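Colleague: Could you walk me through how to read the features in this one? I'd like the general idea, then the case at hand.

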Amino acid sequence: VILCARQFGKSHLGVAYQLENAARWDDRCFLIMGPTLKQTREIVAPRLRRIAADAPKGFVRPSKSEGKWYVGTSEIVMGGFDQNSSGQRGKTVQETTIEEIVDSNPDDYQESLRSDIGPAMTHSDEGKTVFLTTLPKVPDHPFITETMAQAQLNDAFYSFDIYANKHLTKAQFDACVRRA
């Protein structure tokens, strides 16, 4: 779990991470999930295009589907907790990154993790799920009560507040403080 303040670069990191994974592994599926498929595409696609612009021609290719990109012989697939949870069934997912849990429905989140993502990673080679997010708005969201608690027990929890964001100018930091 990587819990960060807004505008920290979590989404960029997640896309770069999955691009690197897809380039490293042959014939694997890498999943990027968000609260909704639409929101995931809106977050991921522009970052994928920007990062892929530096890749060798043809190495990173969008599919006809807006929710899938090919990287070498592997693929990056976008999903949403709002979709029919059977969307990831039948796939072997090597790794998953999860975006913006702040906006996710607790029931959809839990159902997707337990019924789809977990089973889809059964045959991965030491695959993991990386959560890149801010806190959900609901204090009893299963991300807080289960996922964060488990990550803390496994020494896999990292938290960075606005004070840790060294890319903000003083004026940007002060503006964030005023808005808060």
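Predicted model: local features only at pLDDT ≥ 70, side-chain atom pairs only at ≥ 80, totals over all residues.

Colleague: How are the rings of Phe131 and Phe143 placed, and what kind of pair is that?

Modeller: Rings pair if their centres lie within 6.5 Å, and planes between the stacked limit of 30 degrees and the edge-to-face limit of 60 count as tilted. That rule gives five aromatic pairs here. For Phe131 and Phe143 the centres are 5.8 Å apart and the planes sit at 50°, so this pair is tilted. Phe131 belongs to strand E7 and Phe143 to helix H4 (residues 142-153), so the pair ties together parts 12 residues apart in sequence.

Colleague: Which residues do ring pairs link into a cluster?

Modeller: Phe81, Tyr109, Phe131 and Phe143.

Colleague: And the sheet: what is the strand order?

Modeller: Strands of a sheet pair through backbone hydrogen bonds, in a parallel or antiparallel way. Here eight strands make an open sheet with mixed pairing, ordered E3-E4-E5-E2-E6-E7-E1-E8. Strand E3 (60-62) and strand E8 (158-160) each have a single partner strand, so one side of each lacks a neighbour in the sheet. From one strand to the next, the twist averages 15°.

Colleague: How do E3 and E4 pair?

Modeller: They run antiparallel, over three bridges. One detail: Trp69 in E4 is the bridge partner of Pro62.

Colleague: What does helix H1 pack on?

Modeller: Helix H1 (residues 10-24) packs on the sheet, touching strands including E1, E2 and E6, and its direction makes about 170° with that of E6.

How values were computed. Residues numbered from 1 in each chain as written. Heavy atoms only, no water. Pairing = 2+ DSSP bridges. Helix = DSSP H or I, 4+ residues; strand = E, 2+ residues; numbered from the N terminus. Axes fitted to C-alpha atoms, helices over the stretch in contact; angles between N-to-C directions. Contact = heavy atoms within 4.5 Å. Phe/Tyr/Trp six-rings, centres within 6.5 Å; stacked < 30°, edge-to-face > 60°.
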